[in-house]
Amino acid sequence: MPFSIQPGTSTGQLLPPPQWVYIYRPRRLKRPKDGRVFQVPRQKSAMRDARVILNRLRQECIGLTSFAQTDYILRVLRLICPFIFEELLLHCCCDMGWRVVRSSYTHDGGIDGTFFDEDGAKFLIQAKRYSGEIEPEHLLAFSDVVWRDKDAIAGIFMHTGTTCAKGHFIEQNLSNISILEGCGLREFVLQ
């Protein structure tokens with residue numbers, strides 16, 4: 001029986017992930033190649049799965065407290081395939097009316113996607129499925145990629161983990177990147 005969340009769930013209670021999310025988990029390769037341990041899905045199937053997950057999250061979060069929504073969304077996003085996670089974030093950008101340019105899943109140079117806002121400004125996206133703290137080195141590497149792209153206004157580092165004090169310090173002192181996590185990521189997904 002699939003797990004369902006009841007409205008008014010206690011804010012101190014951790015919610016188990018729903019059963020349906022397990023079919024979207026990354027598939028391990030029997031023989032890892034080129035440093036990859038997960039199978040790379042076809043882009044069309046990843047886009048389709050991301051839309052299904054996004055619609056399901058939006059539907060199941062209706063009536064939940066904001067704390068329960070954040071916890072539920074982060075638990076789901078941490079379990080799904082990283083490539084589907086990237087596609088889900090790009091679908092959110094499309095839903096906001098922004099034009100999206102998708103990157104290849106592998107050898108993308110540190111860019112998981114690009115979007116152009118209403119004014120035509122270019123933003124780069126880096127998506128990471130963390131369960132713990134983010135690595136400050138990943139922020140610095142992403143900032144370097146954004147600086148090298150002459151057309152990009154800024155980069156958005158979206159992740160499911162937590163940002164350490166050093167990560168916040170980097171974000172405050174580098175004007176070309178922003179971090180989207182936790183409640184901000186919830187609002188982005190549910191918009």
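Trainee: What pattern does the protein follow when read along the sequence?

Mentor: In this predicted model, the order of elements is β-β-α-α-α-β-β-β-α-β-α-β-α. That gives 6 helices and 7 strands.

Trainee: How many of the residues count as buried?

Mentor: Of the 191 residues of the protein, 47% are buried. As for contacts with a separation of 6 or more, 63% come from residues 24 or more positions apart.

Trainee: What makes you call H2 mostly covered?

Mentor: The count does: 10 of its 14 residues are buried. Among them are Ala-68, Gln-69, Tyr-72, Ile-73 and Leu-77. The buried residues of H2 pack against H1, H3 and H6.

Trainee: Gln-69 is on that list. Why is Gln-69 called buried?

Mentor: Buried means under 20% relative accessible area. Gln-69 has 13%, so Gln-69 is buried. This residue sits in helix H2. Setting aside residues up to four places away in sequence, Gln-69 touches Cys-61, Leu-64, Arg-186 and Leu-190.

Trainee: Which residues touch the most other members of the largest nonpolar core?

Mentor: Ile-53, Leu-77, Ile-80 and Leu-88 do, in a core of 42 residues. H1, H2, H3, E5, E6 and H6 each supply at least two residues of this core. The largest share comes from H3, with 8 residues.

Trainee: What is Ile-80 in contact with, leaving aside its neighbours within four places in sequence?

Mentor: Ile-80 contacts Val-21, Tyr-24, Arg-25, Pro-26, Ile-53, Phe-85 and Arg-129.

Trainee: Now for the rings. How many aromatic pairs are there?

Mentor: The count comes to 4 aromatic pairs.

Trainee: Why is the pair of Trp-98 and Phe-115 called stacked?

Mentor: Two conditions matter here: ring centres within 6.5 Å make a pair, and planes under 30 degrees apart make it stacked. The centres of Trp-98 and Phe-115 are 4.5 Å apart and their planes are at 10°, so this pair is stacked. It links distant parts of the chain, with Trp-98 in the loop between helix H3 and strand E3 and Phe-115 in strand E4, 17 residues apart. Both Trp-98 and Phe-115 are buried. Together with Phe-123, they form one aromatic cluster.

Trainee: What makes the pair of Phe-142 and Phe-157 tilted?

Mentor: Their centres are 6.1 Å apart, with 55° between the planes. Planes under 30 degrees apart would count as stacked and those over 60 as edge-to-face, so an angle between these limits is called tilted. Phe-142 belongs to helix H4 and Phe-157 to strand E6, 15 residues apart.

Trainee: How do you know that Phe-142 is buried?

Mentor: The limit for buried is under 20%. Phe-142 has a relative accessible area of 2%, so Phe-142 is buried. Phe-157 is at 0% relative accessibility and therefore counts as buried too.

Trainee: Which ring does Arg-99 lie over?

Mentor: Arg-99 lies over the face of Phe-116, at 4.1 Å from the ring centre.

Trainee: Back to strand E6: what makes E6 mostly covered?

Mentor: In E6, 7 of the 8 residues are buried. E6 also runs parallel to E5, and 7 bridges join the two. Within this pairing, Leu-124 stands opposite Gly-155 in E6.

Trainee: One last residue. Why does Ile-134 count as buried?

Mentor: Its relative accessibility is 2%, so Ile-134 counts as buried. Ile-134 is in the loop between E5 and H4. Not counting residues up to four places away in sequence, its contacts include Leu-139, Phe-157, His-159 and Ile-179. From Ile-134 to Lys-166 the C-alpha distance is 9.7 Å, while the two are 32 residues apart in sequence.

Terms used
Residues are numbered from 1 along each chain as its sequence is written. This is a predicted model: local features need pLDDT of at least 70, side-chain atom pairs count only at pLDDT 80 or more; totals for chains, interfaces and linings use all residues. Side-chain values use heavy atoms; hydrogens and water are left out. Rings of Phe, Tyr and Trp (its six-membered ring) pair if their centres lie within 6.5 Å; planes under 30 degrees apart count as stacked, over 60 as edge-to-face and the rest as tilted. Helices (H or I, at least four residues) and strands (E, at least two) are DSSP runs, numbered from the N terminus. Buried means under 20% relative accessible area, exposed over 50%, partly exposed in between (1.4 Å probe, protein chains only). A charge sits over a ring if NZ of Lys or CZ of Arg is within 6 Å of the ring centre and within 35 degrees of the ring normal. A nonpolar core is a set of buried Ala, Val, Leu, Ile, Met, Phe, Trp, Tyr and Cys residues joined through side-chain atoms within 4.5 Å. Contact means heavy atoms within 4.5 Å. Two strands pair if DSSP finds at least two bridges between them.
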